[in-house]
Amino acid sequence: MLIRKAHIDEAAKACDVLRRSILELCGADHHDNPAIIRRWLANKTPAVVGSWIAHPDNVVLVAVEGETVLGIGIVRNDGEITCNYVSPDARFRGVSKAMLALLETAARSHGNDVCHLISTETAHRLYLSAGYEDCGVPQGKFGTTSSFPMLKQLAAESSKP
Ligand SMILES: CC(C)(COP(=O)(O)OP(=O)(O)OC[C@H]1O[C@@H](n2cnc3c(N)ncnc32)[C@H](O)[C@@H]1OP(=O)(O)O)[C@@H](O)C(=O)NCCC(=O)NCCS
């Protein structure tokens with residue numbers, strides 16, 4: 001598995017991973033509620049994902065194995081991690097953890113001392129285990145019951161994407 005910057009022509013594959021990850025892995029958040037799923041998926045289209053890849057304020061990374069996209073992660077230049085989704089086909093193989101470490105490295109390289117994000121219920125345990133702390137009142141993003149604002153003070157060192 002390799003994690004590297006996403007190419008614009010990978011938008012459709014990355015979008016498919018994003019949608020499947022939400023639908024198939026995030027049941028603890030959407031509870032199969034059609035209204036929540038519709039709101040959550042509304043902007044998860046190849047065109048929108050392509051616009052995220054092209055945006056100069058974002059670093060967009062993909063985890064790949066050959067031609068297959070296993071995960072997508074995005075960090076904004078201000079240190080906000082806005083996306084970290086793994087394919088259901090690659091769950092619990094270290095993709096999200098490795099992606100998170102490289103998103104933090106990218107945030108560091110843009111001069112940030114802190115990363116912040118809003119975690120799903122599904123991924124809350126991963127972020128706690130990676131050193132993030134809850135930093136606010138849980139929100140109801142897309143109508144879900146618990147989305148957790150979290151932050152982590154970044155260490156000085158790290159690996160390169
Ligand atoms: C839970 C999830 C984030 C884990 O990521 P992954 O790429 O599958 O697995 P990784 O090997 O990288 O991470 C393993 C970590 O997941 C967590 N984890 C392990 N089993 C878990 C389980 N059954 N349920 C939830 N989290 C679990 C642990 O923190 C584990 O690390 P630790 O053993 O050091 O504590 C992922 O499977 C998932 O469901 N993602 C859905 C998309 C999502 O919610 N993204 C976050 C948006 S903010």
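Tutor: What follows is a set of questions about the labels used for this predicted model.

Student: How do you know that the span of helix α1 agrees with its number of residues?

Tutor: Helix α1 covers residues 11-25, which is 15 residues. At 1.5 Å a residue these should span 21 Å, and the end C-alpha atoms are 20 Å apart, so the two agree.

Student: Which residues of α1 are buried?

Tutor: The buried residues are A11, K13, A14, C15, V17, L18, S21 and I22. To be called buried, a residue needs 20 or more other C-beta atoms within 10 Å of its own. The buried residues of α1 pack against the helices α3 and α4 and the strands β2, β3 and β4.

Student: What is A14 in contact with, leaving aside its neighbours within four places in sequence?

Tutor: A14 is in contact with A6, V49, V62, V69 and I72. Contact here requires C-beta atoms within 7 Å. A14 is also among the residues with the most contacts inside the largest nonpolar core, together with L18, L61, I72 and L103. That core has 40 residues, and helix α5 (residues 95-109) gives the most to it, with seven.

Student: What makes β1 and β6 edge strands?

Tutor: Seven strands form an open sheet in the order β1-β2-β3-β4-β5-β7-β6, with mixed pairing. β1 (2-5) and β6 (133-134) each pair on one side only, and they are the edge strands.

Student: How do you know that β3 and β4 pair?

Tutor: Pairing needs at least two bridges between the strands. Five bridges join β3 to β4, and the two run antiparallel. G71, for example, has V86 in β4 as its bridge partner.

Student: Which residues are closest to the ligand?

Tutor: They are L25, S96, K97, A123 and S129, out of 21 residues that surround the ligand. Elements giving two or more residues to this shell are α1, β4, α5, β5 and α6. The shell divides into nine nonpolar, eight polar and four charged residues.

Definitions and conventions: Residues numbered from 1 in each chain as written. Predicted model: local features only at pLDDT ≥ 70, side-chain atom pairs only at ≥ 80, totals over all residues. Helix = DSSP H or I, 4+ residues; strand = E, 2+ residues; numbered from the N terminus. Expected span 1.5 Å × (residues − 1). Buried ≥ 20, exposed ≤ 12 C-beta atoms within 10 Å, placed from the backbone. Contact = placed C-beta atoms within 7 Å. Core = buried A, V, L, I, M, F, W, Y, C linked by C-beta atoms within 7 Å. Near = placed C-beta within 6 Å. Nonpolar A, V, L, I, M, F, W, Y, C, P; charged D, E, K, R; others polar.
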